[in-house]
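Hi everyone, thanks for making time.

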Amino acid sequence: MLDKTVPAATAQGRPRPAPPPPDPWRTRLYRWDLKASPYLYVAPFFVCFVAFGLFPLVYTGWVSLHSVDLQTSDQMQWRGFDNYTRLFHDDLFRNALRNTVTIGLLSTVPQLLMALGLAHLLNYRLRGRGFFRIAMLAPYATSIAAATLVFTLLFGRDYGMINWLLGHLGLGHVDWEGGTWSSQIAVSTIVTWRWTGYNALIYLAAMQAVPHDLYEAAALDGANRWQQFRHVTVPSIRPTILFTLVVSGIGATQLFGEPLLFGGGATGHSGGSAHQYQTLGLYLYDQGWYAFHLGRAAAVAWTMLLILLAIGALNLALVRIRRARNGG
């Protein structure tokens with residue numbers, strides 16, 4: 001029996017040379033590379049996030065505690081929370097907050113209901129489904145400026161197509177930009193037109209993940225399409241509906257481009273001559289770049305951030321309640 005400690009012989013009968021001992025420096029370098037490489041790969045994202053995301057956010061919070069004029073931004077006077085307390089006593093801020101909630105409801109509720117109905121229709125076998133799905137994204141791909149320009153012409157007071165139709169129906173002309181409800185409905189229509197197709201595709205993707213066995217079982221029980229939609233489709237995609245509600249609420253809080261362009265250069269920044277459709281985003285823009293109060297504008301920005309965090313916390317609470325009801 002051969003001794004295992006003796007090196008194996010080669011074809012010429014000579015012993016095979018022993019492998020060289022591992023280099024400790026190479027071993028250490030390999031271990032360091034194995035541990036540090038993942039962090040180096042993700043480091044560029046965090047560097048950009050700190051430089052362009054976290055630092056502006058923290059600096060905006062610092063500016064919100066000072067009185068800063070846009071023309072002399074290097075001169076800052078400490079005010080503490082005075083900018084925040086003044087917001088809650090400012091009628092324009094309360095008006096902007098109220099308009100944001102109103103326009104958000106007027107745009108979110110019809111938008112999601114229509115998106116749900118369109119997704120339900122596209123979920124069935126229709127001719128040209130691919131074309132309709134691509135067409136759904138056309139409003140979303142359209143720029144805000146182009147879409148708002150078209151709707152501004154449609155809602156024109158004297159020569160708009162909508163007032164032309166209302167005149168043929170004997171209802172009279174409506175000053176869409178001058179009235180409170182009319183202007184908010186007009187702005188909400190622009191938002192609804194742009195985002196309905198996008199949400200419809202999200203719902204469609206969720207509906208296609210619903211098992212067909214559920215529909216077959218419902219059909220065997222005698223359920224028609226409406227009953228299947230109510231008792232099978234909607235409960236199955238409820239998390240997706242909640243997600244779109246939260247995202248739409250966040251978008252409504254940040255609404256800026258549509259009302260700004262709807263009012264034009266004269267009254268767009270103030271949300272109309274009487275601030276009838278001024279949102280929080282427009283109020284922030286008006287305070288910072290027209291009134292030159294950067295401290296107040298920064299306070300508005302942080303207030304909007306707190307509102308968005310509250311919406312996210314509400315979403316998290318609803319998800320946990322739903323999981324608790326479903327048994328984890």
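**Rings, charges and helices**

Let's begin with the rings: the count here comes to 19 aromatic pairs. Take Y285 and W289, which are stacked, with 6.1 Å from centre to centre and 15° between the planes. Oh, and keep in mind that this is a predicted model. If helices are new to you: an α-helix has 3.6 residues a turn, so residues three or four places apart point the same way. Y285 is partly exposed at 25% relative accessible area, and W289 is partly exposed too, at 48%. Elsewhere, ring pairs tie F151, F155, W176 and W193 into a cluster.

Now for charges. Side chains of opposite charge can pair when their charged atoms come close. How many salt bridges does a search of the whole structure find? It finds 3.

One joins D91 and R94, at 2.3 Å from N to O. These two are 3 residues apart in helix α3 (residues 91-122), about one turn of that helix. D91 has 53% relative accessibility, so it counts as exposed, while R94, at 37%, is partly exposed.

Another is between R157 and D158, with the closest N and O atoms 3.5 Å apart. R157 is partly exposed at 48%, and D158 is partly exposed, also with a value of 48%.

Then there's R194 with E258, again a salt bridge, at 3.5 Å from N to O. This pair links distant parts of the chain: R194 is in helix α8 (residues 180-208), E258 is in helix α12 (residues 257-267), and they are 64 residues apart. Are they buried or exposed? Both R194 and E258 are buried.

Next, the surface. There's a nonpolar patch with about 1100 Å² of accessible area together, and its members include Y39, F45, F49 and L57. F49 belongs to helix α1 (residues 24-63), and its relative accessibility is 42%, so it counts as partly exposed.

Helix α14 (residues 294-325) has 32 residues, so at 1.5 Å a residue it should span 46 Å; its end C-alpha atoms are 47 Å apart, which agrees. Among the buried residues of α14 are G295, A298, T303 and L308.

Last stop, the strands. β1 (residues 66-69) and β2 (residues 72-78) pair in the antiparallel sense over 4 bridges. A hairpin of 2 residues joins β1 to β2, and D69 stands opposite T72 in β2.

Note on methods:
Residues are numbered from 1 along each chain as its sequence is written. This is a predicted model: local features need pLDDT of at least 70, side-chain atom pairs count only at pLDDT 80 or more; totals for chains, interfaces and linings use all residues. Side-chain values use heavy atoms; hydrogens and water are left out. Patches are made of residues with over 30% relative accessible area and no salt bridge: like charges are joined within 9 Å, nonpolar side chains (Val, Leu, Ile, Met, Phe, Trp, Tyr) within 5 Å. Accessible areas come from the Shrake-Rupley method with a 1.4 Å probe; for residues, only the protein chains shown count as cover. A salt bridge is a side-chain nitrogen of Lys or Arg within 4 Å of a carboxyl oxygen of Asp or Glu. Buried means under 20% relative accessible area, exposed over 50%, partly exposed in between (1.4 Å probe, protein chains only). The expected span of a helix is 1.5 Å times one less than its number of residues. Two strands pair if DSSP finds at least two bridges between them. Rings of Phe, Tyr and Trp (its six-membered ring) pair if their centres lie within 6.5 Å; planes under 30 degrees apart count as stacked, over 60 as edge-to-face and the rest as tilted.
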